[in-house]
Structures are given as structure tokens and as C-alpha cells.
Amino acid sequence: LNLSISKKETRIHLANFKKMLLTGRILMGDSVSKLESKLSKFVKRKYCVAVGSGTDALILSLMSLNLKKKDEVITTSLSWISSTNSIVLAGATPVFADIDNDLNISIESIKKLITKNTKAILSVNFTGKMANMIELEKICRVQNIKLIEDASQSFGSSIGNRMSCSFGDISAVSHNPMKIFSAYGEAGSIFTNDKKIYLKLIALRYSGTYNKEFLLRPSINGRMDTIQAHVLFDKIDGLKKKIVARINNAKIYDKNISNSILKPKIYYKQNIFYTYTIIIPNKRDQLKKYLEKKGIETKIQHPLLIPQQNYFKNYKKDIKNAKKIVNQILCIPIHEKLKQIELKYVYESINYFVNKYGI
């Protein structure tokens, strides 16, 4: 990623920082309320709750469901560990579903894992591509279980006329600097149409209190810094341009990278390309080393499945396909600041390796 900031953006953010210092409002306040209103309209949800991080967003979302230890939450096996950590920290038990070849949670795997103890599904829109949220909503309605959408990597995408963050009972988002819609530090947001859940979330983000004094239940201090609200409020209007640039970069890769490599499909508006993740059937690690020698940074997102972590290895799981794919995935540069000549250098380097060494 290129996290540098333009001179114009710098002037805007410094002005906001000065305004914050002069008003003395360091946490929450009108700036946060204005951001919540703007974001809820953007994703077409009734309520938005701004919080301190994406992990806060997940923990508080799960806590609002009043989960107990025997309660099970089915989630994906391929994600950053925060998604599963949040289930445990909210007091429930994670169950790991398999993934499909698009790297998102498998519907068929979920169906096999549902039991009388299943209280929720936590789906992650991995790499920026929307999971099969329509089918997930159907399953949850039939089974009378809750659906939480982790939209941290997909904020700004959509299925039909429904935006990411408009699916399920609750949607949780991270806005850390690695995300496409990002703050300049940790920040997060939660969306829901359920007023009861919304009122719980308002209390839960403030150590579990109503009006700062009356305790609903013990919780974390999950408030958003005012300066991050300023940053996000100013950046939301430029989000569409960033997404279009990433999709255009993905189209260039799709057209030019060797067909020996499995490339992510270009779904209209369903994939905003948080990452461009290719699947290499053989010699993934050799290709990674070769690209590093050529000065091209790549990442494996994530080399260890969550149920392969020591802490989670004895939890219930169905991960056959995930175990195969995790050894084949590789993220290559996709961010919106890439130049045409840089994109060409990346795909020509990949194709040279494929032609010379095969895969």
C-alpha cells in the first residue's frame, strides 16, 4: 500500500485537527454524530454507531446478542484472527466453516454445522468481495439465528441495490489505515436496523453504561476519537473514485496475467478489491520469492487458518477446501495509486515466471 497523503488532504486534516483542539472535544461529540448520520445514509441503514476500532465493532455487535458460552457462532476459517477472537471475547464458542474457491464462507459447510446451539453466523467479506449474503439471510431466517456481516474489507461494495453493511441483523466495519475507507488510526462502525440492538450498542460502547452512569452490563470502552470522525467524514466523498481505480486496476490484471493462474472474477460492484488475490496451483512460494527479488511486495493473507492456531485447534471445524487453498493464495499490489507502468511491471514479471518455470 501507498499510505502517503496529498498536500490538499493534509491541509484539510490539519484544519480539522486545529478545530478539534480549539473546541476541546477530543472524544465523541457532534462530529461523531454527523459521521454516524452520513454513514447510515450511505449504506442505507437506520442506525450507525461509531466505535474505536473494527475489533470493537465486532465485539460489541456480538455482545449485543447476549451470547453465552454454550452458544455457537459459525464463522469463516480464513480471516484475520479478530473475527474469531471477538466471538470468544463476547462469551460464545466459535465454529469454523469451510470456504469456497472465491475465498468466502461456504454455504454448504454452514448447513452441515448448524446445531441447536447455533445462535449466529459471522460472515466476513474477504478480499473485498461480498459473500453470498442473500443465501445467508435465507438460512438465518429459516433457522431463526442472527447474521452479522463483517464488512471491513467490502465497505462501498453492493449486491444489486443493497450496499455492503445493509445485510443481516448487524454489520461491523474496521476503518484502520489498511482499509479502503480508512481513518488515520484505529476506528470502526456498526450498522443495524434494529432499535433495541442500537440502544444496547450505544451503552456497550461506553463501558456498558446508559448516560455514563447506569450500568447495563460490563463492557469495553469503545468510543471513537473525534479526529477520526473528522477524517472519515471528509474521506467518504472520495471513496467511489478509489474503488473505481481499484476495479480498473483489477481489469488490467485480469486481461494480462497468464490464464495458468486463477484470478478473482470481476463482479459488478460486488468486489472492491481490498486485495487482488491470485491462486497459484503450484510454486506459490517460489513465485513470491521471485517477485520480491524484482522489488514487488506480495502478501499471503493469511498463511495460517484460524482453526490451525494453537488456541483454536480443538474447536469444531470443517476446513478441507480452506486447507488446500491457503497454500495457493497470494496478494499482489492493487491500490489506487499504482501507475500503469507499475501494473505492467507486475503482470509481466508474473508471466515471465510462469513461462520460464511453469506452475
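Colleague: In which sense do β2 and β3 pair, and over how many bridges?

Modeller: Two strands count as paired if DSSP finds at least two bridges between them. Helices (H or I, at least four residues) and strands (E, at least two) are DSSP runs, numbered from the N terminus. In this predicted model, β2 and β3 pair in the parallel sense over five bridges. One example is V73, whose bridge partner in β3 is P94.

Colleague: Why is β2 described as largely enclosed by the rest of the structure?

Modeller: The term to know is buried, which means under 20% relative accessible area, with exposed over 50% and partly exposed in between (1.4 Å probe, protein chains only). Five of the five residues of β2 are buried, so the strand is largely enclosed by the rest of the structure.

Colleague: Which residues cover the two faces of β13?

Modeller: In a regular strand the side chains alternate between the two faces of the sheet. In β13, I329 and C331 lie on one side and L330 and I332 on the other, and all are buried. β13 runs antiparallel to β12, and four bridges join the two strands. Within this pair, T277 has C331 of β13 as its bridge partner.

Colleague: Which residues of helix α4 are buried?

Modeller: An α-helix has 3.6 residues a turn, so residues three or four places apart point the same way. Helix α4 covers residues 82–89, and S82, S83, T84, S86 and I87 are buried there. These buried residues pack against α3 (54–63), β2 (72–76), β3 (93–97), β4 (118–124) and β5 (146–150). Just after α4, G91 takes a positive phi of about 100 degrees.

Colleague: Which members of the largest nonpolar core touch the most other members?

Modeller: A nonpolar core is a set of buried Ala, Val, Leu, Ile, Met, Phe, Trp, Tyr and Cys residues joined through side-chain atoms within 4.5 Å. The largest core has 49 residues, of which F155, Y253 and Y276 touch the most other members. Among the elements that give two or more residues to this core are α9 (239–256), β12 (276–279), β13 (329–332) and α12 (340–357). A second, separate core of 24 residues includes V49, L60, I87 and I148.

Colleague: What does Y276 touch?

Modeller: Contact means heavy atoms within 4.5 Å. Not counting residues up to four places away in sequence, Y276 touches A250, Y253, D254, I257, K263, P264, L330, C331, I332 and I334.

Colleague: Is M130 buried or exposed?

Modeller: M130 is buried, with a relative accessible area of 0%. This residue is found in the loop between β4 and α6 (133–143). Leaving aside neighbours within four places in sequence, the contacts of M130 include N104, E149, F167 and Q270. M63, in helix α3, is likewise buried, with a relative accessible area of 5%.

Colleague: How much space lies in the largest pocket?

Modeller: Rolling a probe the size of a water molecule over the atoms shows where empty space is left. On a 1 Å grid over the protein atoms alone, a cavity is a set of points where a 1.4 Å probe fits but cannot get out; a pocket is an open set with protein on both sides within 12 Å along at least five of seven lines, and lining residues have an atom within 4 Å of a point. Grid points are joined across faces, edges and corners, and a volume is the space filled by probe spheres set on the points. The largest pocket holds about 970 Å³. Its lining has 40 residues, of which L1, M178, Y274, T275 and Q301 lie nearest the centre.

Colleague: What is the volume of the second largest pocket?

Modeller: The second largest pocket has a volume of about 700 Å³. Of its 29 lining residues, E9, K235, K242, E336 and K337 are the closest to the centre. α9 gives the most to this lining, with five residues.

Key: Residues numbered from 1 in each chain as written. Predicted model: local features only at pLDDT ≥ 70, side-chain atom pairs only at ≥ 80, totals over all residues. Heavy atoms only, no water.
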